[in-house]
Amino acid sequence: MQHTATGTEPVTTASGVTLRVNGTAHTLDVDHRTTLLDALRERLGLTGAKKGCDHGQCGACTVLVDGRRANSCLLLAVAQDGTEITTVEGLAGDAGDGELHPLQRAFLDRDAFQCGYCTPGQLCSAVGLLAEAAAGHPSYVTPPDTGSPDGPASPGGPAGLTPAEIRERLSGNLCRCGAYPRIVEAVADTAAEAAR
Amino acid sequence: MRPVGYVRARSVEEAAAAHAGHPGARYLAGGTNLVDLMKLGVESPGTLVDVSRLPLDTVEPLPGGGLRIGATVRNSDLAAHPLVRASYPVLSQALLAGASGQLRNIATTGGNLLQRTRCPYFQDPAKPCNKREPGTGCGAREGGHRDHAVLGHSPSCIATHPSDMAVALAALGATVELHGADGARTVPVGQFHRLPGDHPERDTVIGPGELITAVVLPEAPAGLPSAYRKARDRASYAFALASVAAVLEVADGVVRQVGIAFGGLAHRPWRAERAEAALLGAAPTGENIARAVDAELDRAEPLRDNAFKVPLARNLARRVLTGLAGPAARP
C-alpha cells in the first residue's frame, strides 16, 4: 500500500475493491488511479475492452455498468465497487455453448468490421443503445415531443431506430477503418429482429 | 497521474467534512472530465471525495411549479425524463447535443456545470495558460483560437465554457443550489459561471469545499416553446462552435416571456439580456428578431481567426427564435 504525505496524516492511495464482472466477483487491491479499463485488462486478463484514446473520445473501451454503456477508461476502478460490469466477453451465452449475442451474430452476418479493434466497444455500445431505445430514451435527432397531456411519445423505441438514429446514438464509437455503413446495418438488423 | 486518496461519502455533510479534512480534496462524481484532466496532468488532487452515490439522483416536481434536479442525476436520465421532455425541451435537446451516449450515462448534472474548458492550451501543461497556471500568459490569443470566445473575453483568457446543458439552464433562468461550510445558498445559473477578467483560474463563483446539491428549474407549462440549436464541425459528438438556447412565449401577438442564451461564444453561457429586452413585449416578427439578436452580437469582439462565429451565432439565433415564434414571425 502506498502513502503520500500531503497532509498531517498519510493518505492511503490504494484500496480493496470487489469488481463484479460478467457475473463473477473479483476482489483486488487497486491503486486509486487505476481505471476500470486497466483493471479489466491488466488485472483480470479481460482484454476485450480496448484502449484507444484513453480519454473518452473513441469509445473502444465501452463496457456496460449496471446495464448502461460507459467509457471504462474514465471510470476509476475503486469507484465501481458493487456495480455489475459486463464486457464483450460476457455478451455471448453464459452457458458456455458458444451462442453469440444477436448483435455479435449480426456483426458477423453484415461483416461489420475490418481490423476489429473498435468492435468490442461498438458491440457493448450497441447493446446499451438498444436498451436505451427500448426504454424510450430520445436522441438528438429524435423529433421533439409535442407536449401532449399523455406525456411524451417514445419515438425512440426499437421500431423507430432509423439509420439516422443509429448513427447519432453510436457517435461515441469511432471506427478508423470506416466500417460504419455495415455497423449501422448490423444494429438495424438486430433492432428489427427484437421488434418482431 | 499522482497518487491520490479516495473517500466515498454517504451524505452531503459527510462529503463536506471529508473535503475539509483532506488537503487538495476534489469532489468526484461521474469523473468524465476530472479523471481525464488528472491523466493530462492538469488536475492533481490529494484526495477524491466520491459523491456519485449521494442520494441526490432524483428529479422532483416542486409544489409551486418547477423541477428540482438532484446534482447526481445523470445527463442521459435528465434528457429522457418525461417532465423535462414535456415542459423543458430545450434542456433535453441541449443535453442530447452534448458528448456521446456512453458519456451522458456517466456525467452528472453538477459535474456538467463544473466541467473545464477544452482549450488545448489549458489541457497541455507544456503550454502557457493563465487559467491553468496564473501568470504564465495565454497561448491561444496569438495562437490557435478558432474555437475561442468572441464575447466577454479578457487579455488574460479567451477560453469558452464547453457545456451545452448550462446554456439551456441559463435561458430557462435556473438556479444552482450549493452546500458549504456556511450552510446552503442558491445562485442563478447565469451568475454561477464567471467572465475571465484577471482571474481566469476561477471558472465559477463556487467557494472552497462547496458542493452542488441541485439545480432548480422555474415553472414552465407543458408545451412552452423552447429549443436548442448547435453548430459544430461534425454532425455529432463535438463541442459547439456556437449554440443557442431559447424560450419564447407569444400571446396576443407579442412576446410575453423570453429567455435566450448562447453557447460556444464566451467564458460562460452567455445570457443574451439585450436581445431579451428588445423582444419582450414586441411582436416577434423576423425584423424584430433580427434587430434583437444584433443588439446582443454587436458587442462581439472576435479574434483574428474566429470572426465567423458572429454571423454563425446570429443565424442560429434568428432561426431558433423564428421557429419558436411560429406564424407570428411571418410578415
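Helices (H or I, at least four residues) and strands (E, at least two) are DSSP runs, numbered from the N terminus. This is a predicted model, where local features need pLDDT of at least 70, side-chain atom pairs count only at pLDDT 80 or more, and totals for chains, interfaces and linings use all residues. Residues are numbered from 1 along each chain as its sequence is written.

Q: How many helices and strands are in chain A?
A: Read along the sequence, the pattern of chain A is β-β-β-β-α-β-β-β-α-α-α-α. The count is five helices and seven strands.

Q: What percentage of the residues of chain A count as buried?
A: Buried means under 20% relative accessible area, with a 1.4 Å probe and protein chains only. Chain A has 196 residues. The buried share is 48%.

Q: Which element gives the largest share of the lining of the second largest pocket?
A: A pocket is an open set of points on a 1 Å grid over the protein atoms alone, where a 1.4 Å probe fits, with protein on both sides within 12 Å along at least five of seven lines; lining residues have an atom within 4 Å of a point. Two elements give two or more residues to this lining: β6 (68-71) of chain A and α6 (101-106) of chain B. The largest share, three residues, comes from β6(A).

Q: Which residues lie nearest the centre of the second largest pocket?
A: The lining of this pocket holds 26 residues. Those nearest its centre are Val65(A), Asp66(A), Gln80(A), Ser52(B) and Arg74(B).

How values were computed
Chains lettered and ligands numbered in written order. Heavy atoms only, no water. Buried < 20%, exposed > 50% of the residue type's maximum accessible area, 1.4 Å probe, protein only.
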